[in-house]
Amino acid sequence: MTTRAVPGPRERLLEAAKELTYAQGVGVGVDALLKSANVARRSLYEHFGGKDGLITEVLRLTAAEDEAAYEQTMRAAGDDPRERLLSVFDWLGEVIEAPDFRGCRYLGAELALADRGHPGHDVIRRYRERLHDLLERELRALDHPRPAYAADQLVLLIDGVLAVGAIRPESHPAAAARQLAEQLVGGQRSGTRGS
């Protein structure tokens, strides 16, 4: 007889918070989180010190998952840095078409967490830095003349896709952003420079 491990209160809280904070925002009530996770209030405080700690941990977990998804998308696009960068926008086009897509978790959290000292802001800042670094690395491989600035612009395009994708997906923001990204990264392949 095999027994399946039942997730403990910590894991159930994380899963409930991951789902509810995405669907309803980080302002979702504690009672809704506890009910969804089927745990007592005490578990929230024992494992996370309160709702702020839970939100911060959810942001850490989802940031790691999302960063891995960006990396996997780019790896799957092959060896050409230009194609790896552009593949991000193709993938985002698929992401925003998902029926449960509700926009960017991080933009939503940044706007909703009014306390600038909330530890979630630091988690989001570090996530954005790692995403920027990932893009900048590819731009450097392309010998882009301004890789850091171009990475800033690509992050802005990504944010735009995720924001517009939540409110006007029929406008095909990922395809539009991809066209802008093509201009930004240039038509040159890795290792070639135009005159």
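Predicted model: local features only at pLDDT ≥ 70, side-chain atom pairs only at ≥ 80, totals over all residues.
Asp52 and Pro119 are 67 residues apart along the chain, and 7.8 Å separates their C-alpha atoms.

The aromatic rings were examined next. Two aromatic pairs were counted in the model. One of them is formed by Tyr70 and Trp91, with a centre-to-centre distance of 4.9 Å and an angle of 75 degrees between the planes, an edge-to-face arrangement. Tyr70 belongs to helix α4 (residues 51-76) and Trp91 to helix α5 (residues 81-97), so this pair ties together parts that are 21 residues apart in sequence. Both Tyr70 and Trp91 are buried.

Tyr106 and Tyr127 also form a pair: their ring centres lie 4.5 Å apart and their planes meet at 35 degrees, so the pair is tilted. An angle over 60 degrees would be needed for edge-to-face, and one under 30 degrees for stacked. Tyr106 is part of helix α6 (residues 105-112), whereas Tyr127 is part of helix α7 (residues 119-141); the pair therefore ties together parts that are 21 residues apart in sequence. Tyr106 and Tyr127 are both buried.

A ring is also involved in a contact with a charged side chain. Arg146 lies over the face of Tyr149, at a distance of 4.2 Å from the ring centre.

How values were computed
Residues numbered from 1 in each chain as written. Heavy atoms only, no water. Phe/Tyr/Trp six-rings, centres within 6.5 Å; stacked < 30°, edge-to-face > 60°. Helix = DSSP H or I, 4+ residues; strand = E, 2+ residues; numbered from the N terminus. Buried < 20%, exposed > 50% of the residue type's maximum accessible area, 1.4 Å probe, protein only. Lys NZ or Arg CZ within 6 Å of the ring centre and 35° of its normal.
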